[in-house]
Amino acid sequence: MTVIDNHDVLGSEEGLRLSEANARDFFELLKPRVMSLVVFTAFAGLILAPGEINPILGAISILCIAVGAGASGALNMWYDADIDAVMSRTAKRPIPDGRVQPREALAFGLTLSVFSVAILGLAVNWFAAGLLAFTIFFYAVIYTMWLKRSTPQNIVIGGASGAFPPMIGWACVTGGVSIDSIILFLIIFLWTPAHFWALALFKMRDYGSVGVPMMPNVAGEASTKNQIVLYTILTIAVAVAPTATGLAGIGYGIFAAVLGAIFLYCSVAVWRMPDGDEKMVPAKKMFAYSIVYLFAIFSALLADHWIGGVSKLLGAA
Ligand code: HEM
Ligand SMILES: CC(C)=CCC/C(C)=C/CC/C(C)=C/COP(=O)(O)OP(=O)(O)O
């Protein structure tokens, strides 16, 4: 089925009428559950970066990244309202549900984007602000408006937007980029296909119904499963790299390897699942574990950093 393009909302009569949306409806536009993990990885980048940041500026940095991430979610929901209305998973979102008017969501997303970037630039540094602006643009325009509906590589390339936040956190402290911040980027970048295609496998019909070319619909289940295993292996390899560069210690490396072994086990279970499986239990488990995995990897990096700091203090005493 082809969906009707309803992006000409600004000029329409419907678009000019203001709804009675409440704060909760606008909060929902920020995709708070997904963005909470995004913001956590940004926080990790900020803490792991070498050097010091004034705690108030640190808090402002995280707030700006959180607001910018939420703003990009609102712009994504504005643009995707036509397909969200058709898919069962997304039909109850504020715009398709009629609780927020498209033009309100657009104005909300644009305003928050400008404020988050400007405040980060004025209060912290313009390099980090530029990266935040680029990330919002990448998710809202490059991924949402261009790649999502045009190529099955949409989330491989578009996934970069979800991988930038730890680099932004890092840049808030150092004003630049380093090998270690690129490794943090790569962990999320390589993790995204396994995270998303696991979900796409059991939501394949949803995406098919709106003509979005997600990998399982285009390349088929078998090819998607092969690629999930491949990206899982790449993620596991890059997730132990912080031990090699000295960003984290050997304890972290062992923990990351164990988490990775479970991730690989989940991906092999998906790979062994018969094509056309009705229940898709291994894919559902893989999707759920992907979130636990990323949260645990970044938590372990933080724990390693703090434990290392305490040991140094005790050694000096
Ligand atoms: C282009 C990249 C990505 C795509 C296409 C994607 C897609 C999705 C989708 C479709 C869901 C289902 C949840 C819903 O319906 O709201 C989801 C859930 C989730 N994603 Fe991703 N994701 C991506 C990147 C990320 C990144 C970078 C993170 C965090 C660092 C993340 C964290 C999460 C979390 C925490 C959930 C669970 C939310 C819940 O419990 O409702 N995702 N993702
Ligand atoms: C700092 C900053 C700007 C961060 C942005 C982080 C970011 C791009 C996260 C992407 C996560 C996400 C919700 C993807 C959903 O894809 P989708 O829109 O295709 O999913 P849907 O079908 O659920 O709408």
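## Ligand 1 and its shell

This is a predicted model. Domain 1 (21–177) and domain 2 (178–312) both give residues to the shell around ligand 1, so ligand 1 lies between them. The shell holds 17 residues. Arg33, Val34, Leu37, Gly159 and Gly162 come nearest to the ligand.

Four helices each supply at least two shell residues: H3 (32–48), H8 (154–158), H11 (179–202) and H16 (281–316).

## The chain as a whole

The protein chain has 16 helices and zero strands. Its C-alpha atoms fill a box of roughly 70 × 50 × 25 Å along the principal axes. The radius of gyration is 20 Å, which agrees with the value near 20 Å for a compact globule of 317 residues.

Buried residues make up 46% of the 317 residues. Take the contacts between residues at least 6 apart in sequence: 75% of these join residues at least 24 apart.

## A look at Asn76

Asn76 sits in helix H4 (residues 55–79). Is this residue buried or exposed? Asn76 has 22 other C-beta atoms within 10 Å. The cut-off for a buried residue is 20 or more, so Asn76 counts as buried.

Leaving aside residues up to four places away in sequence, Asn76 touches Tyr139, Ala140 and Thr144. Val258 is 182 residues from Asn76 along the chain, and the C-alpha atoms of the two are separated by 35 Å.

Conventions:
Residues numbered from 1 in each chain as written. Chains lettered and ligands numbered in written order. Predicted model: local features only at pLDDT ≥ 70, side-chain atom pairs only at ≥ 80, totals over all residues. Buried ≥ 20, exposed ≤ 12 C-beta atoms within 10 Å, placed from the backbone. Contact = placed C-beta atoms within 7 Å. Rg over C-alpha atoms; globule rule 2.2 N^0.38 Å. Near = placed C-beta within 6 Å. Domains from an automatic or database assignment.
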